[in-house]
Amino acid sequence: MPENIQRFDRPAHRLLTLVGQKKRILIMCHNNPDPDSLAAAFALKSIFFQTIRRKSIIGYGGIVGREENRQLIKRLKIEITHISEIDFGKFSYICLVDSQPNTGNNALPKNILPDIVIDHHPLRKDTMKCKFYDVRPEYGSSSTILTEYLRELELSIDSKLATALFYGLKTDTFGLMRSKVKADLDAFNFLLSRLAPRTLSAIENPSIPKSYYLVFADAIENSIQYNDVIVSKMGRVNNPEIAAEMADFLLRMENVRWVLCMGEYQNNLVLSMRTSRRGWYAGKVAVRLMRGLGTGGGHEKAAGGKVDLNSLGPEERSRVTKKIIERFLKVVGAGGVQGKPLTATSTRRVPV
Ligand SMILES: [Mn+2]
């Protein structure tokens, strides 16, 4: 019976023993991969190359939407392959990082169970059927786990890999703000002295297209505030990650504790949820909101979800959106609150 590998000493050694001399290895990120997913895959690829001299392939579904993430891939030369160019049958070993089977956020076909799962989301039932899984929900990032693997195996970590892992850890934990374990801080300190500071800065501060600002303007225009809760209906978006960016941005508003942003991307309703409230678990709230409608999940402070709109007409689509908003407001305690357009506030501060 496979067991959660983290209970054992030296998980990276166990992983390598299990992989042996497998020839063709695929490492899958989640859809629209974020820095943590990309860095974890990049690190696992480096582990296989440095130990068993195997060149593995990093696969992903969706698109790389954020300009920061595009820069990460470009500047650190992370080679990734879209699933449209991947023949899953050709691989003798499949790894999944920063995600788990049947979560709806990775592009692995339903009939393919990965051999290896390394993740920091809450453990799922299907994951327990995999040969090797190392799932640590208390960890701030998958990059933290992979940094530990590299250190355990005493492998070299060049500045590119250190920069990727540092950025993955930093973004997933909001600069350690969302971190709860010392392991994150240890990895942070370890990577800090090894990364390329100018490259990191270039990744974090890219030029951004004008369209991005227009989407933001639109989203703010279409936001409704219910006391400390904001719901934004963004309409059609040309990038599935923009809902998450908007949610992060809105949560920084003073006195706001919950944000839900929703947009339509390629016949999917994508939603992103954020909270700064303690004692709640956004990922669990997302699962509840999406029950019977689609898929959802996530972490303590950040979560997401997706509804397939393909078979739904315009009326059904708006009914689904309404239902999700209704459930959300009820769960976060704003059920009976009369919402006001965000831009209608009379307390707008105008600099003199
Ligand atoms: Mn992650």
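This is a predicted model: local features need pLDDT of at least 70, side-chain atom pairs count only at pLDDT 80 or more; totals for chains, interfaces and linings use all residues.

User: Where is Ala 196 found, and how do you know whether to call Ala 196 buried or exposed?

Analyst: Ala 196 sits in the loop between helix H6 (182–192) and helix H7 (197–204). Helices here are DSSP runs of H or I with at least four residues, strands are runs of E with at least two, and both are numbered from the N terminus. The relative accessible area of Ala 196 is 18%. Buried means under 20%, exposed means over 50%, and partly exposed is in between (1.4 Å probe, protein chains only).

Residues are numbered from 1 along each chain as its sequence is written, and side-chain values use heavy atoms, with hydrogens and water left out.

User: What is Ala 196 in contact with, leaving aside its neighbours within four places in sequence?

Analyst: With Ser 159 and Thr 163. Contact means heavy atoms within 4.5 Å.

User: Two residues lie in the loop between H2 and strand S2, Ser 56 and Arg 53. What makes Ser 56 buried, and what makes Arg 53 exposed?

Analyst: Ser 56 has 2% relative accessibility, so it counts as buried. Leaving aside neighbours within four places in sequence, Ser 56 touches Ile 25, Ile 27, Lys 45 and Phe 48. Arg 53 has a relative accessible area of 54%, which means that Arg 53 is exposed. Arg 53 also has a phi near 55 degrees, a positive value in a residue other than glycine. Most residues other than glycine have a negative phi.

User: How do you know what to call the angle between H2 and H4?

Analyst: The axes of H2 (residues 35–52) and H4 (residues 142–152) come within 8 Å and cross at roughly 20 degrees. Axes are lines fitted to C-alpha atoms, for helices over the stretch in contact, with angles from 0 to 180 degrees between N-to-C directions. Under 35 degrees counts as roughly parallel, over 145 as roughly antiparallel, 65 to 115 as roughly perpendicular, and the rest as oblique. H2 is therefore roughly parallel to H4.

User: And what makes H10 oblique to H11?

Analyst: Helix H10 (residues 282–290) and helix H11 (residues 314–331) pack at about 140 degrees, with axes 9 Å apart. That angle belongs to the rest, so H10 is oblique to H11.

User: Which residues count as donors of the manganese ion?

Analyst: Asp 36 (OD), Asp 98 (OD), His 120 (NE2) and Asp 172 (OD), at 2.1 to 2.3 Å. Donors are N, O and S atoms within 2.8 Å of the metal (3.2 Å for Na, K and Ca), and water is not among the atoms, so sites may look incomplete. Asp 98 lies in the loop between strand S4 (93–97) and strand S5 (116–119), and His 120 in the loop between S5 and strand S6 (132–135), so the pair ties together parts that are 22 residues apart in sequence. Both Asp 98 and His 120 are buried.
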